[in-house]
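Student: I have a model open on my screen and I would like to learn how to read it. Could you take me through it step by step?

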Amino acid sequence: MNYSVNKEGYYGSFGGAYIPEMLYPNIEEIKNNYQKIISSQKFKNEYNALLANYAGRPTPLYFAKRLSEKYKTNIYLKREDLLHTGAHKINNTLGQILIAKHLGKKRIIAETGAGQHGVATATVCALMGLQCIVYMGEVDIERQAPNVARMKMLGAKVVSTTSGSKTLKDATNEAIRDWINNATDTYYIIGSVVGPHPYPDLVAKLQSVISKEIKLQLRTKPNYVIACVGGGSNAAGAFYHFMNDKNVKLIAVEAAGKGIKSGHSAATMVLGKPGIIHGSKTMLMQNSDGQITEPYSISAGLDYPGVGPIHAHLFDTDRAKFVSITDAEALKAAYQLAKLEGIIPALESAHALAYLGKLKAKKNETVVVNLSGRGDKDLSTYIKHLPI
Amino acid sequence: MNKLNTLFSDKKKLLSIYFTAGFPELNSTAKILNELDNAGVDMIEIGIPFSDPLADGPVIQDSSERAIANGMNVSFLFEQLKNVNTKAPLILMGYFNSVMQFGVEKFCKQSKSVGVSGLIIPDLPIEVYLKEYKHVFQKYDLKNIFLISPQTSNERIKLIDKHSDAFIYAVSSSSTTGTKNGVNADKEKYFSRIKKMNLKNPVMIGFGISEKQSFNKACNYASGAIIGTAFIQSLKTKTHVTEFIKTIR
Ligand SMILES: Cc1ncc(COP(=O)(O)O)c(C=O)c1O
């Protein structure tokens, strides 16, 4: 089985570039250049230096002793939460800003849900002295206020999106519309393995450093790699170098929100069917008329009705197991990690952690959980739900 | 014979109007179609409302949202169109997910049976169309209308021309729908570039055409022009359809 993108931009039957003609030249420019750019020695030198000296890579692979005792297995946490700006998102934005510079773009746009990608984009724009505009849903602006303040301090303009569900999907629509209206001078730094080809492949390659390091750090083979999935970039990065090794079980955790059947959920693989969102053919939550469903999750970063086409393919071929975790389960896992290990995880990552309780791994097995981000941005939510 | 082919052979300065099905009321569709037809509009584009219309600005987004809330969907639209018989050719314009979920072949078949002449699906790229859907469109004599923009290369315009058989939709500037910037020198340069290419297909200009002046200017370079956002705006203010058309020509 092949898990890489093919020449036409598909993973199996998923992917492609279903975009209006107005975007064709923009996408074509990236498609024709990205592989050449990211495999050049110049890019590698610059990118690796920034990852090491600016972002803080490699991130530790931490053996979580007390958590392991609790679940009677061997649990390692891949500490993407320790990266500069607090999540894996910076792996992607550092790479894409170098591409934007190479292509001579002056204006950078991005969408954001939790605000982590927005912050990571604002950060690299400040670093490179480029103009930055971030689209963010009105609902997310409210629930991720610290990140909005950070983006502003970093010099970005945050544009509130008031259409649709006012969350990540709508912010992405607005970013794409901005790009249509500013076709020549603007580069769109997309925040996950979503959107039209070649973005899913580009972002997966930039995030693949996560599994590259896990492989080196762990030395033995993990039995399980667990990651949460919004659009799927931290999961794609954590799975990337294990995809062709069937002995490593890949577990992708989606947000069940208030419960799969509650009507307030973001569990795309359970509730979706193939469709087109943001220029990509993928699994998609939609009604029978093909109108895209407004998703829900307590975690802004998982509140997305689609999923990257690479994951639709991993799901379709049974290479990865897709599970879902409710708001309440995620909150519980976050409080538990804080108490047992002294680490406050992002709400997104807490979904991956919550699956440990259901995994039933054996005593001699090894489990890697990708701790995609830290919980600072979620403190107000954590305080609100704090168990006394 | 497809109505679109005869339309272009004997007329100039064609006026095409776009509106969203099911807006302002669920059952407005047939009434608006008949009024446009009686007002002498040459071609009518019926928009299928979609929850996430990427190529549309706020006015069409809003009309789509309201149409969906009114209960509009593809099968209901086909029901409405069964009872309409216009002189002007009808084109359905929508996003590919709506067509895909309905079923591409079923969509084409029903389009044909209610008298639709062509389809505009902005997010269905020509490569995918040629590989997977061309034969289906042809089976039901539906013309697929492609968009081009000022950024489209001459080479790609030629490819699009080669595979078109009705007209080419020239988007007046690289923008979403409803940007009111009229027809300036830059656009005129682009329009004359297209005109000089001597394409085998006629060209209609759309996006940003909102009133008489921009309509007339566009017509200097093409077979006609398309007005969408401005018409939808007039529906909101309850201007009579005939009155609106009179302001254009
Ligand atoms: C910490 C963290 N983890 C995960 C995600 C989800 O994104 P993805 O699925 O692309 O990794 C986000 C998105 O904002 C995030 O901030």
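Tutor: Happy to! Keep in mind that this is a predicted model. Let's begin with the domains: the centres of domain 1 and domain 2 of chain A, taken over C-alpha atoms, are 22 Å apart.

Student: Which stretches of chain A make up domain 1 and domain 2?

Tutor: The assignment gives 12–50 + 89–202 as domain 1 and 56–86 + 207–385 as domain 2. Each domain is written as two stretches, so read both parts together.

Student: How many residues of the two domains are in contact?

Tutor: Domain 1 of chain A brings 39 residues, and these are in contact with 44 residues of domain 2 of chain A.

Student: Why does the ligand lie between the domains?

Tutor: Look at who supplies the shell. Domain 1 and domain 2 of chain A both give residues to the shell around the ligand, so the ligand lies between them.

Student: Which residues of the shell are closest to the ligand?

Tutor: The ligand is surrounded by 19 residues, and the closest are Ser192(A), Gly230(A), Gly232(A), Ser233(A) and Ser372(A). By kind, the shell has six nonpolar, 11 polar and two charged residues.

Student: What part of Ser233(A) lies 2.7 Å from a ligand oxygen atom?

Tutor: For Ser233(A), an N or O atom in the side chain is at that distance from an oxygen atom of the ligand. With Gly230(A), a backbone N or O atom lies 2.7 Å from a ligand oxygen, and a backbone N or O atom of Gly232(A) is also 2.7 Å from a ligand oxygen.

Student: How much of the ligand does the protein cover?

Tutor: On its own the ligand has 390 Å² of accessible area, and the protein covers 97% of that. The space that the ligand takes is the largest cavity.

Key. Residues are numbered from 1 along each chain as its sequence is written. Chains are lettered from A and ligands numbered from 1 in the order in which they are written. This is a predicted model: local features need pLDDT of at least 70, side-chain atom pairs count only at pLDDT 80 or more; totals for chains, interfaces and linings use all residues. Side-chain values use heavy atoms; hydrogens and water are left out. A residue is near a molecule or strand if one of its heavy atoms lies within 4 Å of it. A polar contact is a pair of N or O atoms within 3.5 Å; within protein, one must be able to donate a hydrogen and the other to accept it, and residues adjacent in sequence count only if both atoms are side-chain atoms. Accessible areas come from the Shrake-Rupley method with a 1.4 Å probe; for residues, only the protein chains shown count as cover. On a 1 Å grid over the protein atoms alone, a cavity is a set of points where a 1.4 Å probe fits but cannot get out, and a pocket is an open set with protein on both sides within 12 Å along at least five of seven lines; lining residues have an atom within 4 Å of a point. A molecule sits in a cavity or pocket if more than half of its atoms lie within 2 Å of its grid points. Ala, Val, Leu, Ile, Met, Phe, Trp, Tyr, Cys and Pro count as nonpolar, Asp, Glu, Lys and Arg as charged, and the others, Gly among them, as polar. Contact means heavy atoms within 4.5 Å.
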